[in-house]
Amino acid sequence: MSKIYYNSTRGGERKIEASYAIVKGIAEDGGLYVPDRIPELKETWRNLRSMSYQEVAYTVMKEYLTDFTEEELRFCIDQAYDEKFDTEAIAPITKAGDAYFLELFHGRTIAFKDMALSILPYLMKVSAKKQNIHNEIVILTATSGDTGKAALEGFADVEGTKIIVFYPKDGVSPIQKQQMVTQKGNNTYVVGIEGNFDDAQNGVKDIFSNGALRKRMNDQGYQFSSANSINIGRLVPQIVYYIYGYAQLLKAGEIEEGESINITVPTGNFGNILAAFYAKNMGLPIKKLLCASNDNKVLYDFLNTGVYDKNREFIVTISPSMDILISSNLERLLYSISGEDGEEIDRLMADLKENGKYVLKEEMKSKLQGFYGNFASEEETSQAIKALYGEDGYVMDPHTAVGYKVYEKYTEAAGDETKTLIASTASPYKFTKSVMQALGKADDRADDFALIEKLHELSKVTIPPAIEEILHAPVLHTKSCKSNQMETTIVEILGLREI
Ligand SMILES: *Cc1c(COP(=O)(O)O)cnc(C)c1O
């Protein structure tokens, strides 16, 4: 088996091993690590369709993490995809309204972030050992809601790690907040920021590039790493469920071998849809990748014009995990369609940093044909939730509903009847108020927690353990700080000495 190495999208670092890329998170030149080639799917569909999720995971991931031994990789997979998920299928498919919903929300925190963040801590532990790192790894994360909790659950009580999450004190949903402040584990720290998500994110970025702090940490046996979706340790596990999803459709007789499907992904940071693009390049028969945005439709504009422009108002929507104006993982797609031209990517990213904008050359633009971009407004999203419930009794969360609406817009515009898999990224129980309002069953004053039981009566879907747990759990984290005190807070948490 030939090895895969990783290169930075900005050309600075080349030929490094997967385990090194996982521990580092981001390249020193500011670029993202990408595999030096996309491996081919070697297993036949005949075999894949009878495999468990764990087996598909091994088959796919071993092609990318070529410096891991079989034993190491199987250990990570077995630790991650176990009873933490509320179904043995791990990522089951439900058919509703002519589409197939690939439900990625059956993990601990009932959002798709669990699919990768359940395994990242183990990948990181094994990687640190392979790289002979003896420091304790401190995961620093800024979150707008879903990543923080999923990372906390993943890293809680994982030996050799600590995790510190900063969230905007008044900028997450009540259920998201309750999930975080009740987090157990003797290595978890949750801090509310007086400020918005951008303040938290900028604070974390500053800390990552603070050389003096890095040295002080290292002298005292610590180093930072990232659980953000730029880590290839998050990207690779996300490729698995697209392959698994196709295999399950085959097994159920819904499609025939070789038949092309479309995949719709509600998109924010472009991580989830990029994984589908990698799956396609491995040999998964995908006709179109539908990139669905909410009112923050930077990607829709980009896919249609070749101009990426983040100079616009930031809109707070009912699909908050997609409220994002800089889609970091898009850089990996750009690298691929530029013919792996690190210099060009460096130039585009400098434009983005300086002017908030970049323009693709015609040559690169023409390579975006495999993608279709559209968006759903707030009104359209709510209507989609209501319509599908009326039609089929299936309740979507607002993120998934954005995907569904864009799927409808596409089929109508293109007259394409290709069977479509929709990445269903969160349980409706995480956003009870928005969902119940869409269904016309709650008013503005309604309380997210009080609506849980009502949603249950209406959807007949079992209330996930993740929700039951937080209802009566004690609050364990009350720390908060100003956004310019994040460094001091970290020093305090780690008990760092002066040097
Ligand atoms: C993070 C998230 C998304 C966006 O995924 P990206 O990989 O950032 O594009 C969509 N829906 C939910 C519920 C999420 O938590």
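A polar contact here is a pair of N or O atoms within 3.5 Å; within protein, one must be able to donate a hydrogen and the other to accept it, and residues adjacent in sequence count only if both atoms are side-chain atoms. This is a predicted model, in which local features need pLDDT of at least 70 and side-chain atom pairs count only at pLDDT 80 or more, while totals for chains, interfaces and linings use all residues. Residues are numbered from 1 along each chain as its sequence is written, and side-chain values use heavy atoms, with hydrogens and water left out.

**Stop 1**

Show the side chain of Asp 146: one of its polar atoms is 2.7 Å from a ligand oxygen. At Thr 425, an N or O atom of the side chain is 2.9 Å from a ligand nitrogen. The ligand on its own has 380 Å² of accessible area, and the protein covers 96% of that (Shrake-Rupley method, 1.4 Å probe; for residues, only the protein chains shown count as cover).

**Stop 1: two loops with positive phi**

Helices (H or I, at least four residues) and strands (E, at least two) are DSSP runs, numbered from the N terminus. Go to the loop between strand E9 (261–266) and helix H12 (271–282), and pick Phe 270. Phe 270 is not a glycine, yet has a positive phi of about 70°. Its relative accessibility is 1%, so Phe 270 counts as buried (under 20% relative accessible area; exposed is over 50%, partly exposed in between; 1.4 Å probe, protein chains only).

Next, pick Ile 110, in the loop between strand E4 (99–103) and helix H5 (113–117). Ile 110 is another non-glycine residue with a positive phi, of about 50°. Ile 110 is buried as well, at 2% relative accessible area.

**Stop 2: Lys 430**

Is Lys 430 buried or exposed? Lys 430 is buried, with a relative accessible area of 0%. Look for it in the loop between strand E14 (420–424) and helix H19 (432–438). Its side chain makes a polar contact of 3.4 Å with that of Gln 179. Beyond four places in sequence, the residues in contact with Lys 430 include Ile 110 and Asp 146 (contact: heavy atoms within 4.5 Å).

**Stop 3: the nonpolar cores**

A nonpolar core is a set of buried Ala, Val, Leu, Ile, Met, Phe, Trp, Tyr and Cys residues joined through side-chain atoms within 4.5 Å. The largest has 110 residues, of which Leu 65, Tyr 242, Leu 334 and Tyr 358 touch the most other members. Helix H11 (residues 232–251) gives the largest share of this core, 13 residues. Another core, of 38 residues, lies apart from it and includes Met 322 and Val 402.

**Stop 4: helix H22**

Finish at helix H22 (residues 486–494), where the buried residues include Met 486, Thr 489 and Leu 494. Thr 489 has a relative accessible area of 7%. A polar atom of its side chain lies 2.7 Å from the backbone oxygen of Gln 485. Just after H22, Gly 495 has a positive phi of about 65°.
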